[in-house]
Amino acid sequence: MLSNACASKLMLFTLSITFCFSSRNKLVTHYKQYPPNTSKVYSYFECREKKTDPTKLRKVKYDKTVFYGLQYILHRYLKGQVVTREKIQEAKEVYREHFQDDVFNEKGWNYILEKYNGHLPIEIKAVPEGSVIPRGNVLFTVESTDPECYWLTNWVETILVQSWYPITVATNSREQKKILAKYLMETSGSLEGLEYKLHDFGYRGVSSQETAGIGASAHLVNFKGTDTVAGICVIKKYYGTKDPVPGFSVPAAEHSTITAWGKDHEKDAFEHIIKQFPSVPVSIVSDSYDIYNACEKIWGEDLRGLIEMRSADAPLVVRPDSGNPLDTVLKVLEILGKKFPLIENSKGYKVLPPYIRVIQGDGVDINTLQEIVEGMKEHRWSIENIAFGSGGALLQKLTRDLLNCSFKCSYVVTNGLGVNVFKDPVADPNKRSKKGRLSLHRTPSGDFVTLEEGKGDLEEYGEDLLHTVFRNGKIVKTYTFDEVRDNAKLKESELEDLLL
């Protein structure tokens with residue numbers, strides 16, 4: 001147990017973390033490292049374009065990214081009075097112990113407290129949330145607004161770069177939506193139900209409640225099915241929607257609600273559960289013992305009459321949860337297709353009757369998803385028959401390196417002179433950074449281009465797509481979740497390219 005004094009100290013440090021005194025330790029000393037008489041530091045964030053060996057094929061290229069999640073960080077950590085006397089003292093003590101030296105910039109933080117009442121004198125410009133931007137373009141910029149606080153720009157790097165996570169989840173989710181859209185259109189001729197084809201099963205597979213909320217909300221940029229309620233809470237609090245909730249789910253069994261009946265009473269468990277939910281879809285995990293027997297004997301014979309009484313709005317959703325994903329899905333579909341009357345849709349693909357469907361929620365990531373839908377197509381099964389659930393692969397099995405998310409300084413003012421700065425490592429050209437003040441524009445052909453060295457001031461390039469969203473402690477522009485979704489939706493041109 002923590003003592004009261006220790007608990008109190010921990011609480012204060014937690015408050016310090018909330019304000020982002022928890023910046024990476026090397027940033028703590030940077031205010032002493034910039035050139036003398038520096039008065040501005042300007043940095044930017046991008047998902048670097050990764051040039052790969054053409055002989056090494058990648059299943060998913062992630063050429064474009066979905067910008068999402070900065071608004072949450074601004075609301076949660078940076079807006080308002082985030083500097084207090086107590087936090088300064090707490091951080092000073094922690095860093096003195098951490099570095100074994102007095103390196104903390106107490107004078108700088110006191111200046112912010114006294115002159116700005118603890119509000120951060122920085123300006124952040126960003127593309128609209130939900131924007132789908134090709135890799136290698138600027139997504140947001142950060143600069144100090146007070147010459148005395150030049151060092152603050154890169155102090156906030158750590159918390160701002162954590163936007164890599166919602167960006168990566170939203171991007172990965174959208175790529176899976178493209179796969180599903182392609183095969184759904186090819187096997188049914190319609191995109192009906194697309195937004196419910198990939199369900200978030202990731203709540204228990206992530207590292208924290210906050211991760212669950214951020215990641216689940218990022219998935220909901222593209223889909224409407226989720227079992228991670230924390231994502232709904234994040235969206236309602238930090239974005240808002242016109243609808244009461246942005247995501248939905250259905251009653252679903254788990255192994256404990258089946259095995260609690262005992263192996264000899266699996267049929268009774270199934271029957272009890274489907275009777276409990278007669279007017280809504282119900283998902284029942286069916287592999288506690290023998291998924292194939294469950295499909296053939298229990299669902300296909302013993303309880304067939306009950307299933308046939310259900311409607312298209314309240315189907316039974318059979319859930320296999322073990323075995324090789326593709327093999328299992330195909331065999332389950334084959335068994336159910338023999339037990340229930342199939343139809344052939346307008347594209348010539350097999351469809352189960354509307355009162356029974358399948359959801360594959362085991363081993364689903366972007367690669368196995370591709371393999372399953374491709375296998376279904378080859379065996380003449382429409383994607384209408386199936387939905388998918390993804391957990392750890394959707395919300396947790398991701399890193400900042402997947403999209404090469406990077407925050408770099410590109411411009412400083414020293415001795416009153418602006419200087420364009422950059423890095424260009426001889427050992428890795430991929431890590432070359434951009435120079436100067438940046439702006440983002442659309443070309444006449446609709447492509448995106450990032451202009452460096454302040455060249456975006458020239459009228460010929462048109463409107464800068466980076467808009468000020470935060471200035472001196474205030475959030476000055478926000479986006480609703482409906483706007484985010486609209487920005488991220490699949491475009492007609494993308495759908496046409498998918499079907500080529």
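This is a predicted model: local features need pLDDT of at least 70, side-chain atom pairs count only at pLDDT 80 or more; totals for chains, interfaces and linings use all residues.
Reader: Where do Y95 and F99 lie?
Author: Both belong to helix α3, which covers residues 85–99. They are four residues apart, about one turn of the helix.

Reader: How many aromatic pairs are there in the whole structure?
Author: A search of the whole structure gives 19 aromatic pairs. One of them joins Y95 and F99, with 6.2 Å centre to centre and 45° between the planes, a tilted arrangement.

Reader: Which residues form one aromatic cluster with Y95 and F99?
Author: The cluster also contains F104, W109, W151 and W155.

Reader: Let us turn to W164 and Y165. What kind of aromatic pair do they form?
Author: Their pair is edge-to-face, with 5.6 Å centre to centre and 75° between the planes.

Reader: Why does W164 count as buried?
Author: The relative accessible area of W164 is 17%, and the limit for buried is under 20%, so W164 is buried. Y165 also counts as buried, at 9% relative accessibility.

Reader: A change of topic: which residue has its charged end over the ring of Y349?
Author: That is R380, whose charged end is 3.9 Å from the centre of the Y349 ring.

Reader: And what lies over the face of Y292?
Author: K331 does, at 4.2 Å from the ring centre.

Note on methods:
Residues are numbered from 1 along each chain as its sequence is written. Side-chain values use heavy atoms; hydrogens and water are left out. Rings of Phe, Tyr and Trp (its six-membered ring) pair if their centres lie within 6.5 Å; planes under 30 degrees apart count as stacked, over 60 as edge-to-face and the rest as tilted. Helices (H or I, at least four residues) and strands (E, at least two) are DSSP runs, numbered from the N terminus. Buried means under 20% relative accessible area, exposed over 50%, partly exposed in between (1.4 Å probe, protein chains only). A charge sits over a ring if NZ of Lys or CZ of Arg is within 6 Å of the ring centre and within 35 degrees of the ring normal.
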